[in-house]
Amino acid sequence: MTPGLRPLIAGNWKMNTLVGEAVDLARAVAAGAAGSKAELLVCPPFLYVAGLAGLLKESGVAVGAQDCHAKAKGAHTGDVAAAMLKDVGASYVILGHSERRADHGETDAQVKAKAEAAMAAGLTPIVCVGETLAEREAGEAEAVVARQLTGSLPEGFVNAGGVVAYEPVWAIGTGKVPTEADIAALHAAMRAQVGAKTRLLYGGSMKPSNAAAILALPNVDGGLIGGAALVAADFLAIAAAAG
Ligand code: PGA
């Protein structure tokens with residue numbers, strides 16, 4: 001944790017849940033959210049952002065999306081603009097997740113443009129960075145992340161309250177987690193690069209059993225949770241571990 005920064009526990013639901021499941025999950029998270037020291041955020045698929053934003057309005061649980069387009073509007077079939085997300089009640093948007101970088105070839109420059117669009121629309125961007133296993137084994141993790149941060153974070157990101165999520169690609173959905181020393185070292189390097197005001201999340205196979213230890217590390221200001229965010233009790237247990 002970083003003194004003065006409220007921890008953020010964010011659920012990335014990815015391409016999961018039918019609408020009934022999404023509503024049940026959101027309700028269960030809301031039911032356990034009262035009194036949470038951490039800020040709670042759920043990021044469902046686009047289709048459910050509006051509905052869940054309405055459902056969670058009084059709960060204190062924020063709603064975000066998992067992507068947005070870099071342009072404000074126009075001829076971009078199938079895409080969703082940041083202003084649309086803001087308009088239906090989203091407050092955050094995850095950008096540059098490694099699955100989008102891999103599945104859609106998103107580059108740092110595109111992520112930066114999306115973060116600019118998000119900020120212009122009044123959304124808080126959560127920009128994801130992280131090395132592959134080959135990069136980690138080659139001793140390049142810190143250099144890769146530093147390069148991604150340089151390329152992906154627009155001017156004004158820090159002052160806009162932008163959030164960074166460090167998610168080693170090899171730890172996502174695999175049950176593998178870096179050592180606490182490795183997470184601490186990586187987060188210290190990110191802290192030195194982005195300054196004291198930016199919340200730095202860890203993501204990648206975070207679960208109730210490892211959350212307390214990870215969240216206690218210096219410069220870890222919350223978590224971006226995938227699989228465990230689909231089980232309300234697990235997500236809430238992680239949130240409780242944040243303090
Ligand atoms: P995981 O996913 O918790 O299932 O590893 C994290 C993420 O991709 O955001």
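I started with His 69, which sits in the loop between strand S3 (61-65) and helix H3 (82-87). Helices (H or I, at least four residues) and strands (E, at least two) are DSSP runs, numbered from the N terminus. I noted that this is a predicted model, where local features need pLDDT of at least 70 and side-chain atom pairs count only at pLDDT 80 or more, while totals for chains, interfaces and linings use all residues. Residues are numbered from 1 along each chain as its sequence is written, and side-chain values use heavy atoms, with hydrogens and water left out.

**Entry on His 69.** Is His 69 buried or exposed? I found 18% relative accessibility, so His 69 counts as buried. Buried means under 20% relative accessible area, exposed over 50%, and partly exposed in between (1.4 Å probe, protein chains only). Next I looked up its contacts. The side chain of His 69 makes a polar contact with the side chain of His 76, at 3.5 Å. A polar atom of the His 69 side chain also lies 2.8 Å from the backbone nitrogen of Lys 71. A polar contact is a pair of N or O atoms within 3.5 Å; within protein, one must be able to donate a hydrogen and the other to accept it, and residues adjacent in sequence count only if both atoms are side-chain atoms.

**Entry on strand S8.** I turned to S8, residues 222-225. Gly 222 and Leu 224 point one way, Gly 223 and Ile 225 the other, and all are buried. Strand S1 (residues 8-12) runs parallel to S8, joined by 4 bridges. Two strands pair if DSSP finds at least two bridges between them. Leu 8 has Gly 222 as its bridge partner in S8. Strand S7 (residues 200-203) is also parallel to S8, with 2 bridges. There, Tyr 202 is partnered with Gly 223 of S8. From S7 the chain crosses through helix H9 (residues 208-215) to S8, a right-handed β-α-β crossover. Right-handed means that, with the strands pointing away from the viewer, the path from the first strand over the helix to the second runs clockwise.

**Entry on the ligand.** Which residues come nearest to the ligand? Of the 13 around it, I listed Lys 14, His 97, Glu 167, Gly 173 and Ser 205. A residue is near if one of its heavy atoms lies within 4 Å. I also checked Gly 226: a backbone N or O atom lies 2.8 Å from a ligand oxygen. For Gly 227, a polar backbone atom is 2.8 Å from an oxygen atom of the ligand.
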